Amino acid sequence: MTGDLVVRPGTASANGLRTDMGNILLHAMAGRLNLSATVASSAGSISLLASSSATFSATADISTRGAASIDVSAASVSMAQGTVFQTISGNIRLNSSGAIALGDLDAAGGAVSLRGTTVTDAVSGAADSINIAAKQLRLDVTSFGSATNAIETSIDVLAGTIGAGGLYLVESSGLTIGRVSAVGVNRVSAQATTSSLNSTDPAFSGLTLAGNGHLSVVVNNGNLTVANPLVHNGSGHVLLSARKGNLSVNAGISAGGGQVSLLAARTVSMTASGDVTTVGSGAIAVVGHTIIMAEGTVLQTANRDVRL
């Protein structure tokens, strides 16, 4: 069957689509998925699939409870300002062959996985509400945020691959660049049963950037830790900043020619495994109230300055 699948607000007091226990599947097999009303389950998983775009208005909140998951797969995913996807301990996965515009993803007890091209904040301009709350965030995207509109997060662990557009992230509390476990969601079938087939992203460690986009990770409160390697294969700059806490570099940071800036309000510490290198015209700057380098730690440029 061809055509769009549309869910609009009704006139009943229980507006939208709700189920007490069961799973929910909305699948536009040859068209667009357009939601402007709530879709909710008290215990079941939710799959929202489209061959074309999936669009969610500010009134199209998606929620489930327990360990159930939210699974969205479409050619593009567009959430409006104020749209909320929420689980309790389950995962949220947005899988797109194109762009993703984020409202609020709340998987505070689970993980979030994003696969797509450009990931942007649905709210343009200055800082706003948290876009992603989760224990783990896994990325496989071309770009994540922008220099003028970073993605706001409240996450514990970050890992993934980013393409030429770079990464701009502002974290509300402590963050570790580390290892993210496999992130799976329950894909709901036409029979309302679930399977993880084709809906699980494998575990990943550290951050890898391609192209010449910049990387900016800023932690407003708490500590920032590099537990697994951060590798920038292009000429973009790398900024890691703990505005009110410590920055701990326990794994290598390498840049393909950009500047590397490591900033902390308190202590910047580097273990013997925390070498920092850049090539070409890249320089290294380390700024903190206290700077501690372990024996064997190496800070290396090709022909530019290293400043502590």
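## A salt bridge and its network

Arginine 115 forms a salt bridge with aspartate 201, and the closest N and O atoms of the two side chains are 3.4 Å apart. This pair links distant parts of the chain, since arginine 115 belongs to strand E14 (residues 104-115) and aspartate 201 to strand E23 (residues 200-201), 86 residues apart. The model in which this pair is seen is a predicted one.

Salt bridges that share partners join Arg93, Arg115, Asp140 and Asp201 into one network.

## Other salt bridges

The structure holds five salt bridges. Side chains of opposite charge can pair when their charged atoms come close. One of the pairs is formed by aspartate 4 and arginine 32, whose side chains meet at 2.6 Å, N to O. Aspartate 4 lies in the segment before strand E1 (5-7) and arginine 32 in the loop between E3 and strand E4 (33-35), so this pair ties together parts that are 28 residues apart in sequence. Aspartate 4 is partly exposed, with a relative accessible area of 41%, and arginine 32 also counts as partly exposed, at 46% relative accessibility.

Another salt bridge joins arginine 187 to aspartate 71, with the closest N and O atoms 2.4 Å apart. Because arginine 187 lies in strand E21 (residues 187-188) and aspartate 71 in strand E9, the pair ties together parts that are 116 residues apart in sequence. Both arginine 187 and aspartate 71 are buried.

Strand E6 (residues 46-50) is mostly covered, and five of its five residues are buried. In a regular strand the side chains alternate between the two faces of the sheet. In E6, Ile46, Leu48 and Ala50 point one way, while Ser47 and Leu49 point the other way, and all are buried.

Strand E6 pairs with strands that include E3 and E9. Five bridges join strand E3 (residues 24-28) to E6, and these two strands run parallel; within this pairing, leucine 26 stands opposite leucine 48 of E6. The pairing of E6 with strand E9 (residues 70-74) is also in the parallel sense, over four bridges, and here leucine 49 has serine 73 in E9 as its bridge partner.

## Strand E29 and its partners

Strand E29 (residues 238-242) is largely enclosed by the rest of the structure, because four of its five residues are buried. Strand E26 (residues 215-219) is joined to E29 by five bridges, and the two run parallel. The bridge partner of valine 218 in E29 is serine 241.

E29 is also joined to strand E32 (residues 260-264), again by five bridges and in a parallel arrangement. In this pairing valine 238 stands opposite valine 260, which belongs to E32.

## The aromatic pair

A pair of aromatic rings is described by the distance of the centres and the angle of the planes. The count of aromatic pairs comes to one. The rings of phenylalanine 56 and phenylalanine 85 have their centres 5.0 Å apart and their planes at 80 degrees, so the pair is edge-to-face, the cut-off for that class being an angle over 60 degrees.

Phenylalanine 56 lies in strand E7 (residues 53-56) and phenylalanine 85 in strand E11 (residues 84-86), so the pair ties together parts that are 29 residues apart in sequence. Phenylalanine 56 is buried, with a relative accessible area of 1%, and phenylalanine 85 is buried as well, with a relative accessible area of 0%.

Threonine 194 lies in strand E22 (residues 194-195) and counts as partly exposed, at 37% relative accessibility. Leaving aside its neighbours within four places in sequence, threonine 194 is in contact with Asn23, Ser45, Asn186, Arg187 and Val188. Threonine 194 and serine 146 are 48 residues apart in sequence, and their C-alpha atoms are 36 Å apart in space.

On the surface, Ile291, Met293, Val306 and Leu308 form a nonpolar patch, and together they have about 310 Å² of accessible area. One of these residues, methionine 293, has its place in strand E36 (residues 290-293), and at 33% relative accessibility methionine 293 counts as partly exposed.

Methods
Residues numbered from 1 in each chain as written. Predicted model: local features only at pLDDT ≥ 70, side-chain atom pairs only at ≥ 80, totals over all residues. Heavy atoms only, no water. Patch = residues over 30% accessible without salt bridge, like charges linked within 9 Å, V, L, I, M, F, W, Y side chains within 5 Å. Areas by Shrake-Rupley, 256 points an atom, 1.4 Å probe, with all protein chains shown as cover. Salt bridge = Lys/Arg side-chain N within 4 Å of Asp/Glu carboxyl O. Buried < 20%, exposed > 50% of the residue type's maximum accessible area, 1.4 Å probe, protein only. Contact = heavy atoms within 4.5 Å. Phe/Tyr/Trp six-rings, centres within 6.5 Å; stacked < 30°, edge-to-face > 60°. Pairing = 2+ DSSP bridges.
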